[in-house]
Amino acid sequence: MFSRKSSSILLLFIMIFTLCTSVSFAAEVKPLADDPGVYYPDTHTKAKPGDMLVSNATSSKGLTGHAAIVTDNLTVVHIGGVGQHPEEISLSRFFKRYDNSVKVIRYTSSRDAKKAGEWARTYAKEYSDADYSLAVKLSGFDYTYCSKIVWQAYYYGADVNLGNKRPNSTTIFEPYGILDLDDTTEVEETGDWR
């Protein structure tokens, strides 16, 4: 039925196909340890979802500092201030905008941190028209401020209550308060923090 030459060619084709298929599947299941990762600008620290970023490069109505959260896409969600809306920007753009004076605070549970990062990305898309305001409850979504987004990401996304705040509280969750939270570690500091 098949000649010896045809059988050899068919066998060669099957071997090449099998080899190529197994190589492509192996590439898809690459372990995270081999992932080169995304690093914070001008550092040797890998960005991770849920990382909280605090900058000392701003001040708004006596409230010093600025905060943001790293998403599961390794972008940043924040709101810039009065007249601004929640937005998702690149790490490099965030660091450049805030003069590279940023502390990176990491929550101890990477699973919860990733959930918080996912929630933040979704919030920025669904509430891209939310307005900036400091006189609001922590539980509302239509009015927000920078560190409130971080608090909500952990509270609603990962069931973690940063700073043990009540959702109906109008007490401000301050950006610098992130620096002293339980179950967190400062993993990077850039710029001038004197």
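**View 1. Tyr123 and Tyr127, an aromatic pair.** Tyr123 counts as buried in this predicted model, because its relative accessibility is 3%. Buried means under 20%. Tyr127 reaches 25% relative accessibility, so Tyr127 counts as partly exposed. How are two aromatic rings described? A pair is described by the distance of the centres and the angle of the planes. By the pairing rule, the count comes to 14 aromatic pairs. In the pair of Tyr123 and Tyr127, the ring centres are 5.2 Å apart and the planes meet at 20°, so the pair is stacked. Planes under 30 degrees apart count as stacked.

**View 2. Leu138 in a loop.** Leu138 sits in the loop between strand 6 (131–132) and strand 7 (143–144). Is Leu138 buried or exposed? Leu138 is buried, with a relative accessible area of 0%. Leaving aside neighbours within four places in sequence, the contacts of Leu138 include Trp151 and Tyr156. Lys165 is 27 residues from Leu138 along the chain, and their C-alpha atoms are separated by 8.3 Å.

**View 3. Lys103 in a strand.** Lys103 is part of strand 5 (residues 102–107). Lys103 has a relative accessible area of 13%, so this lysine is buried. What does Lys103 touch? Not counting residues up to four places away in sequence, its contacts include Met52, Leu53 and Val54. Glu186, Glu188 and Glu189 also touch Lys103, as do Leu179 and Trp193.

Definitions and conventions. Residues are numbered from 1 along each chain as its sequence is written. This is a predicted model: local features need pLDDT of at least 70, side-chain atom pairs count only at pLDDT 80 or more; totals for chains, interfaces and linings use all residues. Side-chain values use heavy atoms; hydrogens and water are left out. Rings of Phe, Tyr and Trp (its six-membered ring) pair if their centres lie within 6.5 Å; planes under 30 degrees apart count as stacked, over 60 as edge-to-face and the rest as tilted. Buried means under 20% relative accessible area, exposed over 50%, partly exposed in between (1.4 Å probe, protein chains only). Helices (H or I, at least four residues) and strands (E, at least two) are DSSP runs, numbered from the N terminus. Contact means heavy atoms within 4.5 Å.
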